[in-house]
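This report describes a single protein chain. The overall fold is treated before individual residues.

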Amino acid sequence: TVAPQYLKHNRNWLFTGGINPGHYSIPPLQEESDRKDLCDFITSGYGFRGNDSAPHDKKAKTQYVGCAGGLMSDVYGIDLIITYEVFKEAGALDKFESYVSLKGPAFYGLEAPPTDRFFKIVEEEHRIPDFMVYDEDGSEVIPMYAGKTLRHRVITS
(Lines give C-alpha, C1' and ligand atoms only; values in the text may rest on other atoms or scores of the structure.)
Protein backbone atom coordinates (compact mmCIF):
# COMPACT_ATOMS: atom_id res chain seq x y z
CA THR A 1 0.00 0.00 0.00
CA VAL A 2 1.03 3.60 -0.52
CA ALA A 3 -0.18 6.47 1.65
CA PRO A 4 -1.13 9.64 -0.25
CA GLN A 5 1.64 11.96 0.95
CA TYR A 6 4.25 9.65 -0.63
CA LEU A 7 2.56 10.08 -4.02
CA LYS A 8 2.53 13.86 -4.00
CA HIS A 9 5.57 14.97 -2.00
CA ASN A 10 9.25 14.29 -1.46
CA ARG A 11 11.39 14.98 1.60
CA ASN A 12 11.74 18.66 0.71
CA TRP A 13 8.09 19.11 1.76
CA LEU A 14 9.12 18.45 5.37
CA PHE A 15 11.33 21.54 5.22
CA THR A 16 8.96 23.94 3.45
CA GLY A 17 9.15 27.20 5.36
CA GLY A 18 11.61 25.68 7.87
CA ILE A 19 11.12 22.36 9.63
CA ASN A 20 7.44 21.52 9.34
CA PRO A 21 6.52 18.71 11.78
CA GLY A 22 2.98 18.67 10.39
CA HIS A 23 4.42 17.00 7.28
CA TYR A 24 6.36 14.33 9.18
CA SER A 25 5.50 10.69 8.40
CA ILE A 26 6.97 7.35 9.30
CA PRO A 27 8.77 6.29 7.24
CA PRO A 28 9.97 9.78 6.32
CA LEU A 29 9.36 11.07 2.82
CA GLN A 30 12.15 10.20 0.41
CA GLU A 31 13.80 11.63 -2.71
CA GLU A 32 11.88 12.84 -5.77
CA SER A 33 13.00 9.79 -7.77
CA ASP A 34 11.39 7.55 -5.11
CA ARG A 35 8.14 9.50 -5.30
CA LYS A 36 8.07 9.15 -9.08
CA ASP A 37 8.78 5.41 -8.81
CA LEU A 38 5.81 4.98 -6.43
CA CYS A 39 3.55 6.86 -8.85
CA ASP A 40 4.74 4.68 -11.75
CA PHE A 41 4.21 1.56 -9.63
CA ILE A 42 0.58 2.28 -8.75
CA THR A 43 -0.45 3.71 -12.11
CA SER A 44 0.94 0.58 -13.78
CA GLY A 45 -1.65 -1.47 -11.91
CA TYR A 46 0.29 -2.59 -8.84
CA GLY A 47 -0.42 -2.11 -5.15
CA PHE A 48 -3.58 -0.76 -3.58
CA ARG A 49 -4.75 2.22 -1.60
CA GLY A 50 -3.12 2.69 1.77
CA ASN A 51 -4.14 5.44 4.08
CA ASP A 52 -1.82 6.73 6.73
CA SER A 53 -4.56 8.84 8.23
CA ALA A 54 -3.30 9.61 11.69
CA PRO A 55 -5.34 12.00 13.84
CA HIS A 56 -2.48 13.10 16.09
CA ASP A 57 -3.34 16.20 18.06
CA LYS A 58 -1.41 19.39 17.41
CA LYS A 59 0.65 19.01 20.59
CA ALA A 60 1.89 15.52 19.59
CA LYS A 61 2.76 16.74 16.07
CA THR A 62 4.77 19.75 17.27
CA GLN A 63 6.76 18.47 20.25
CA TYR A 64 10.54 18.77 19.99
CA VAL A 65 11.33 15.14 20.78
CA GLY A 66 9.19 12.22 19.70
CA CYS A 67 7.08 14.07 17.14
CA ALA A 68 4.17 11.86 16.09
CA GLY A 69 4.54 10.50 12.56
CA GLY A 70 1.62 10.42 10.16
CA LEU A 71 -0.85 12.81 8.57
CA MET A 72 -4.62 13.17 8.87
CA SER A 73 -5.43 12.53 5.21
CA ASP A 74 -8.79 10.76 5.14
CA VAL A 75 -10.86 13.86 5.84
CA TYR A 76 -12.44 15.95 3.08
CA GLY A 77 -11.43 13.23 0.60
CA ILE A 78 -7.81 14.41 0.62
CA ASP A 79 -6.37 10.91 0.13
CA LEU A 80 -8.75 10.18 -2.76
CA ILE A 81 -8.11 13.55 -4.42
CA ILE A 82 -4.33 13.09 -4.30
CA THR A 83 -4.58 9.57 -5.71
CA TYR A 84 -7.03 10.68 -8.41
CA GLU A 85 -4.69 13.48 -9.51
CA VAL A 86 -1.75 11.07 -9.74
CA PHE A 87 -3.74 8.61 -11.88
CA LYS A 88 -5.14 11.44 -14.04
CA GLU A 89 -1.67 12.95 -14.65
CA ALA A 90 -0.40 9.50 -15.67
CA GLY A 91 -3.34 8.88 -18.04
CA ALA A 92 -4.29 5.83 -15.98
CA LEU A 93 -7.78 6.64 -14.71
CA ASP A 94 -8.89 3.23 -16.00
CA LYS A 95 -6.90 1.69 -13.09
CA PHE A 96 -8.05 4.16 -10.41
CA GLU A 97 -11.18 2.32 -9.18
CA SER A 98 -9.34 -0.96 -8.83
CA TYR A 99 -6.52 0.69 -6.88
CA VAL A 100 -8.73 2.60 -4.41
CA SER A 101 -11.69 0.23 -4.02
CA LEU A 102 -11.16 -3.34 -5.21
CA LYS A 103 -7.60 -4.58 -4.77
CA GLY A 104 -7.40 -3.97 -1.01
CA PRO A 105 -10.45 -6.04 -0.06
CA ALA A 106 -9.40 -8.76 -2.54
CA PHE A 107 -5.93 -8.92 -0.98
CA TYR A 108 -7.43 -9.46 2.46
CA GLY A 109 -10.07 -11.92 1.25
CA LEU A 110 -12.93 -9.50 1.87
CA GLU A 111 -15.94 -8.73 -0.26
CA ALA A 112 -15.80 -5.84 -2.68
CA PRO A 113 -17.52 -2.66 -1.51
CA PRO A 114 -21.28 -2.50 -2.16
CA THR A 115 -22.18 -1.17 -5.59
CA ASP A 116 -24.96 1.07 -4.22
CA ARG A 117 -22.40 3.34 -2.54
CA PHE A 118 -19.99 5.39 -4.56
CA PHE A 119 -18.03 8.59 -4.67
CA LYS A 120 -17.39 11.02 -7.46
CA ILE A 121 -14.52 13.45 -7.79
CA VAL A 122 -15.50 16.78 -9.29
CA GLU A 123 -13.45 19.77 -10.31
CA GLU A 124 -14.49 22.25 -7.65
CA GLU A 125 -12.18 24.21 -5.40
CA HIS A 126 -12.60 23.91 -1.66
CA ARG A 127 -10.51 25.00 1.31
CA ILE A 128 -9.29 22.60 3.99
CA PRO A 129 -9.75 24.13 7.46
CA ASP A 130 -6.70 25.06 9.52
CA PHE A 131 -7.65 22.53 12.19
CA MET A 132 -10.43 20.25 13.38
CA VAL A 133 -11.65 19.55 16.89
CA TYR A 134 -11.26 15.79 16.95
CA ASP A 135 -12.73 14.48 20.18
CA GLU A 136 -14.60 15.39 23.36
CA ASP A 137 -11.52 16.82 25.10
CA GLY A 138 -11.19 19.50 22.42
CA SER A 139 -7.96 18.19 20.90
CA GLU A 140 -7.07 20.07 17.75
CA VAL A 141 -5.95 17.98 14.79
CA ILE A 142 -4.27 19.57 11.81
CA PRO A 143 -5.39 17.85 8.60
CA MET A 144 -3.09 17.36 5.65
CA TYR A 145 -3.17 20.53 3.51
CA ALA A 146 -4.57 22.62 6.40
CA GLY A 147 -5.47 26.08 5.15
CA LYS A 148 -4.89 25.13 1.50
CA THR A 149 -7.39 25.17 -1.34
CA LEU A 150 -7.69 21.94 -3.33
CA ARG A 151 -8.76 21.79 -7.00
CA HIS A 152 -11.11 18.86 -6.55
CA ARG A 153 -13.87 17.76 -4.18
CA VAL A 154 -15.18 14.30 -3.33
CA ILE A 155 -18.95 13.81 -3.41
CA THR A 156 -20.39 10.64 -1.88
CA SER A 157 -23.75 8.97 -2.15
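The sections below cover the basis of the model, the chain as a whole and selected residues.

## Basis of the model

The model is predicted: local features require pLDDT of at least 70 and side-chain atom pairs count only at pLDDT 80 or more, whereas totals for chains, interfaces and linings use all residues. Residues are numbered from 1 along each chain as its sequence is written, and side-chain values use heavy atoms, with hydrogens and water left out.

## Overall architecture

The chain contains 5 helices and 4 strands, arranged along the sequence as α-α-α-α-α-β-β-β-β. Helices (H or I, at least four residues) and strands (E, at least two) are DSSP runs, numbered from the N terminus.

Along the principal axes, the C-alpha atoms fill a box of roughly 40 × 40 × 35 Å. Of the contacts in the chain with a separation of 6 or more, 63% are accounted for by residues 24 or more positions apart; contact means heavy atoms within 4.5 Å.

## Burial and surface

Of the 157 residues, 38% count as buried. Buried means under 20% relative accessible area, exposed over 50%, and partly exposed in between (1.4 Å probe, protein chains only). The chain exposes about 9400 Å², of which carbon and sulfur atoms supply 52%; the areas come from the Shrake-Rupley method with a 1.4 Å probe, and for residues only the protein chains shown count as cover.

## Arg-35 in helix H2

Arg-35 lies in helix H2 (residues 32–43) and counts as buried because its relative accessibility is 18%. Its side chain makes a polar contact with the side chain of Glu-32 at 2.7 Å and reaches the backbone oxygen of Leu-7 at 2.9 Å. A polar contact is a pair of N or O atoms within 3.5 Å; within protein, one must be able to donate a hydrogen and the other to accept it, and residues adjacent in sequence count only if both atoms are side-chain atoms. Not counting residues up to four places away in sequence, Arg-35 touches Tyr-6, Leu-7, Lys-8, His-9 and Asn-10.

## Backbone features in loops

The peptide bond from Ile-26 to Pro-27 is cis, with omega near -5 degrees. Pro-27 is placed in the loop between helix H1 (4–8) and H2.

Tyr-76, a residue other than glycine, has a positive phi near 60 degrees. Tyr-76 is in the loop between helix H3 (58–62) and helix H4 (78–89) and is partly exposed, at 38% relative accessible area. Tyr-145 has a positive phi near 65 degrees and is found in the loop between strand S3 (140–141) and strand S4 (149–156). At 15% relative accessibility, Tyr-145 counts as buried.
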